[in-house]
Amino acid sequence: MYRLLLVDDEVSITKGLTILVHRLVPSCKVVGTAYDGEEGYQAALKLKPDIIITDIRMPQVNGLDMIRKLQQSGCRAKFIILSGYAEF
């Protein structure tokens with residue numbers, strides 16, 4: 001089973017994704033959620049997920065900076081980037 005971390009500053013998005021993953025992707029388990037890039041970074045280090053789904057625009061640390069920081073620290077997770085914006 002793949003371990004999944006969700007990082008998005010909108011609680012409704014993380015709740016909705018958790019429901020969708022549970023219903024539609026039985027090979028994945030949501031092991032944690034975070035609501036900004038810094039919190040996501042700390043959660044990823046602690047939880048060691050296989051996959052991280054992250055928003056780009058978030059307060060504190062954005063998704064792209066979080067990914068860079070995680071990769072520099074040796075994180076081997078795969079990343080899926082979400083955005084509600086047409087441009088970023």
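Reader: Leaving aside its neighbours within four places in sequence, which residues is I52 in contact with?

Author: Good place to start, and keep in mind that this is a predicted model. In soluble globular proteins, nonpolar side chains tend to be buried together. Here I52 is in contact with L5, V7, A44, M66, L70, C75, A77, K78, F79 and I80.

Reader: Which residues have the most contacts inside the largest nonpolar core?

Author: That core has 13 residues, and those with the most contacts inside it are L5, V7, A44, I52, M66, L70 and C75. Strand 1 (2-7), helix 2 (37-47) and helix 3 (63-72) each give two or more residues to this core. There is also a second, separate core of seven residues, with L4, L17, C28 and I53 among them.

Reader: How many salt bridges does a search of the whole structure find?

Author: Two. In one of them, K69 pairs with E38, with the closest N and O atoms 2.9 Å apart. This pair links distant parts of the chain, K69 being in helix 3 and E38 in helix 2, 31 residues apart. K69 also lies over the face of Y41, at 4.3 Å from the ring centre. D65 forms a salt bridge with R68, where the closest N and O atoms are 2.5 Å apart; both lie in helix 3, about one turn of the helix apart.

Conventions. Residues numbered from 1 in each chain as written. Predicted model: local features only at pLDDT ≥ 70, side-chain atom pairs only at ≥ 80, totals over all residues. Heavy atoms only, no water. Lys NZ or Arg CZ within 6 Å of the ring centre and 35° of its normal. Core = buried A, V, L, I, M, F, W, Y, C linked by side-chain atoms within 4.5 Å. Buried < 20%, exposed > 50% of the residue type's maximum accessible area, 1.4 Å probe, protein only. Helix = DSSP H or I, 4+ residues; strand = E, 2+ residues; numbered from the N terminus. Contact = heavy atoms within 4.5 Å. Salt bridge = Lys/Arg side-chain N within 4 Å of Asp/Glu carboxyl O.
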